[in-house]
Amino acid sequence: MSGRDSLARGVAPGRPGTLHARSATDGIEVAPLPGLTVRFGRGPGDEGAGGDVELSVGGRDQGVSRRHGELTCLEGGWTLRNTGQQALRLPRGRLLPPGSDRLPLTAGYTPVFVKGSGFREHLVELYVVRPEPVRPGGLAGAPPSAAWALSDDERLVLVVLGQRYLRHEPDPRPLPYRQTAQVMAFLRPGERWDAAEVARRVEDVRRRMPRAAGPLPAVRDGEPPEPQGCPPDHRLLTDLVAATALVPPDLGLLDAVEG
C-alpha cells in the first residue's frame with residue numbers, strides 16, 4: 001500500500017459507520033452490521049490455523065500473532081480488542097495490551113501499530129465513516145494539492161526525519177540531522193549523505209510549503225543546527241502530516257532499516 005492510498009486522506013462518501021481497514025498488503029470495507037467481527041493478524045502459517053482472519057498483517061513476521069486483534073460492530077459502534085500476544089499501539093503512545101477490554105473507535109481515522117518481532121511495528125489503518133462529510137467541498141481520499149507535492153528523495157528524507165510524527169508518538173520531535181543522515185546513508189549506500197545535505201533538503205521543502213515556517217539559523221562551519229526541539233522543523237512536519245503530504249504508510253520506506 002503506498003502513501004497515496006492512505007486512509008488518512010479520508011474515504012469516499014458512504015453509509016455512516018462503515019469500517020475501512022488497510023494493512024500494507026490487504027484492505028477491506030465492511031458495513032456496520034451489529035454483531036459482525038473482523039479479525040486481523042498474520043493468519044495461518046505452514047501448520048495451518050483456521051482461515052477466519054479477514055485482514056492480513058505482518059507477512060512472515062513471527063512476532064505478529066495469527067489472530068492479533070478483532071474489530072466488532074456493536075450497537076454503539078465499532079470496538080477494537082487485542083487477541084494477540086503483544087500490545088497494540090495507538091496514537092499518543094497509548095497501549096492496548098493483550099486481553100484488555102474492548103476499546104470504542106471514534107469516527108474518522110485511527111492508525112493502529114501492531115508490534116512484531118524486535119522493534120518492528122506493522123501499520124493497520126482504520127477509518128469509520130462519519131455521519132457528515134469529512135472535508136466539505138473537498139474530495140475524500142484525494143491526494144494533497146500540488147503545493148504540497150514532494151519528490152521521492154524529499155519524501156524519504158522527511159519520513160526519516162519525521163518518523164515519530166508518522167508513528168503518532170506523544171510529543172514527537174524531529175530526528176537529529178546527523179542521525180537522519182546516517183539512516184539515509186544506509187538506505188542509499190551509493191550516495192553521499194551528511195547533516196548538511198539533510199539540512200539543505202529540508203530547507204528546499206520549507207521554502208515551497210504554503211505555510212513556510214521560516215529559514216533555519218545559518219549553518220556554521222558546514223554543520224547545520226540540530227533540529228531536536230527546533231520549532232521550524234516541528235512546524236514543517238506537523239503541517240506536512242496535517243495536509244496528508246506525509247502519511248503513516250510512508251513508514252514502509254524504512255523497511256530496509258527495520259529488516
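In which strand is E121 found? E121 is found in strand 11, where helices (H or I, at least four residues) and strands (E, at least two) are DSSP runs, numbered from the N terminus. This is a predicted model, in which local features need pLDDT of at least 70 and side-chain atom pairs count only at pLDDT 80 or more, while totals for chains, interfaces and linings use all residues. Residues are numbered from 1 along each chain as its sequence is written, and side-chain values use heavy atoms, with hydrogens and water left out.

Strand 1 (residues 19-22) and strand 11 (residues 121-128) run antiparallel and are joined by four bridges. R22 has E125 of strand 11 as its bridge partner.

E121 is buried, with a relative accessible area of 17%; buried means under 20% relative accessible area, exposed over 50%, and partly exposed in between (1.4 Å probe, protein chains only). The side chain of E121 makes a polar contact of 2.8 Å with that of R89 and another of 3.5 Å with that of K115. A polar contact is a pair of N or O atoms within 3.5 Å; within protein, one must be able to donate a hydrogen and the other to accept it, and residues adjacent in sequence count only if both atoms are side-chain atoms. The C-alpha atoms of E121 and R167 are separated by 9.5 Å, with the two residues 46 apart along the chain.

R89 also has its charged end over the ring of F113, 4.4 Å from the ring centre. The criterion is NZ of Lys or CZ of Arg within 6 Å of the ring centre and within 35 degrees of the ring normal.

Another set of pairings involves strand 3 (residues 37-41). Four of its five residues are buried, so strand 3 is largely enclosed by the rest of the structure. Four bridges link strand 3 to strand 5 (residues 69-74) in antiparallel fashion, and R39 has E70 as its bridge partner in strand 5. Strand 3 runs parallel to strand 4 (residues 55-56), with two bridges between them; in strand 4, L55 is the bridge partner of F40.

Methods:
Two strands pair if DSSP finds at least two bridges between them.
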